[in-house]
Amino acid sequence: MANALQETRPGSTMPGSKALRKHRTSLEGQAYLLTTTTMYRRTIFRDAEVSFAVCKALHQPWLWRDSQLLAWVLMPDHWHGLVRLGRDDDLSTLMGRFKSVTARAVPQCFRINGWLWNRGFHDHALHNDEGVRETARYLVANPLRAGLVDEIANYPYWDAAWIGARPDSICAL
């Protein structure tokens with residue numbers, strides 16, 4: 001049902017995303033790097049109120065169920081997450097729930113006809129030679145590479161499971 005809804009949503013997806021979905025697999029215990037963009041790539045996460053609402057929604061344990069959110073970063077127009085998939089969800093179901101919960105947390109004036117996120121998402125299953133922690137480091141360094149901050153400690157919208165509570169972050173897991 002979620003896939004049928006996604007197909008009728010407004011907004012464009014990344015080129016080739018339909019072809020990517022054909023061969024998508026969801027393996028229990030597998031770590032995945034996930035990316036989704038805002039509708040029309042609008043930079044709505046430059047607004048602190050909107051960013052805080054999404055960060056707060058990410059803390060809902062029922063959002064992830066038996067999957068584990070290992071690391072994430074909220075960029076001005078997209079979100080990256082590193083997730084270890086549990087047995088009760090496939091990737092599409094998990095991302096559908098993520099998009100639904102986070103969209104409902106954001107004030108209506110920031111959504112387009114109720115939609116916050118573009119349809120579809122990109123996933124990359126980490127292979128044995130790709131370290132989960134190294135991938136998490138790469139993921140959370142996105143604000144540095146984008147020139148949003150000079151030090152990652154100055155960017156409040158990210159977290160990783162290995163660092164424990166970040167007292168400086170309004171979004172710490």
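Reader: How many residues lie between S2 and S3 in their hairpin?
Author: S2 and S3 form a hairpin in this predicted model. The two strands pair in the antiparallel sense over six bridges. One of the pairs sets Trp72 against Gly81 in S3. The number of residues between S2 and S3 is three.

Reader: Which residue of S3 stands opposite Leu74?
Author: Leu74 has its counterpart across the S2–S3 pairing. Gly81 of S3 is taken as the bridge partner of Trp72. For Leu74, the residue opposite is Trp79.

Reader: How many bridges pair S1 and S3?
Author: S1 and S3 run in the antiparallel sense. Leu34 has the bridge partner Gly81 in S3. On the S4 side, Leu34 has the bridge partner Asp123, and S1 and S4 are joined by four bridges. Between S1 and S3 the count is seven.

Reader: Which residue of S5 is the bridge partner of Ala71?
Author: S2 and S5 pair in the antiparallel sense. Three bridges hold this pairing. The partner of Ala71 is Ala160.

Reader: Why is S2 largely enclosed by the rest of the structure?
Author: Buried means under 20% relative accessible area. S3 has six of its seven residues buried, so S3 is largely enclosed. S2 is largely enclosed because its buried residues number six of seven.

Reader: How many residues make up the largest nonpolar core?
Author: Leu34, Phe45, Trp64, Leu74, Trp79 and Phe98 have the most contacts inside this core. Strands and helices both supply the core, among them S2 (68–74), S3 (78–84), H3 (48–58) and H5 (91–105), each with at least two residues. Across the protein, buried residues make up 47% of 173. The size of the core, in residues, is 44.

Reader: Which tryptophan is in contact with Trp64, leaving aside neighbours within four places in sequence?
Author: The contacts of Trp64 include Leu58, Leu69 and Val83. Asp89, Leu94, Arg97 and Phe98 also belong to the list.

Reader: How many degrees does the arc of the buried residues of H6 cover?
Author: The buried residues of H6 are Thr135, Ala136, Leu139 and Val140. They sit on the same side of H6, because the arc they cover around the axis is only 125 degrees.

Reader: Which exposed residues are on the face of H6 turned away from its buried side?
Author: The buried side of H6 has a cover that includes S1, S2, S3, H7 and S5. The face turned away carries Arg137 and Tyr138.

Reader: Does Arg65 count as buried or exposed?
Author: Most residues other than glycine have a negative phi. Arg65 has a positive phi of about 50 degrees, and its place is in the loop between H4 and S2. Exposed means over 50% relative accessible area. At 54% relative accessibility, Arg65 counts as exposed.

Reader: In which loop does Arg41 lie?
Author: Arg41 also has a positive phi, near 55 degrees. At 42% relative accessibility, Arg41 counts as partly exposed. Its loop is the one between S1 and H3.

Conventions:
Residues are numbered from 1 along each chain as its sequence is written. This is a predicted model: local features need pLDDT of at least 70, side-chain atom pairs count only at pLDDT 80 or more; totals for chains, interfaces and linings use all residues. Side-chain values use heavy atoms; hydrogens and water are left out. A nonpolar core is a set of buried Ala, Val, Leu, Ile, Met, Phe, Trp, Tyr and Cys residues joined through side-chain atoms within 4.5 Å. Buried means under 20% relative accessible area, exposed over 50%, partly exposed in between (1.4 Å probe, protein chains only). Contact means heavy atoms within 4.5 Å. The arc is that of the directions from the helix axis to the C-beta atoms. Two strands pair if DSSP finds at least two bridges between them.
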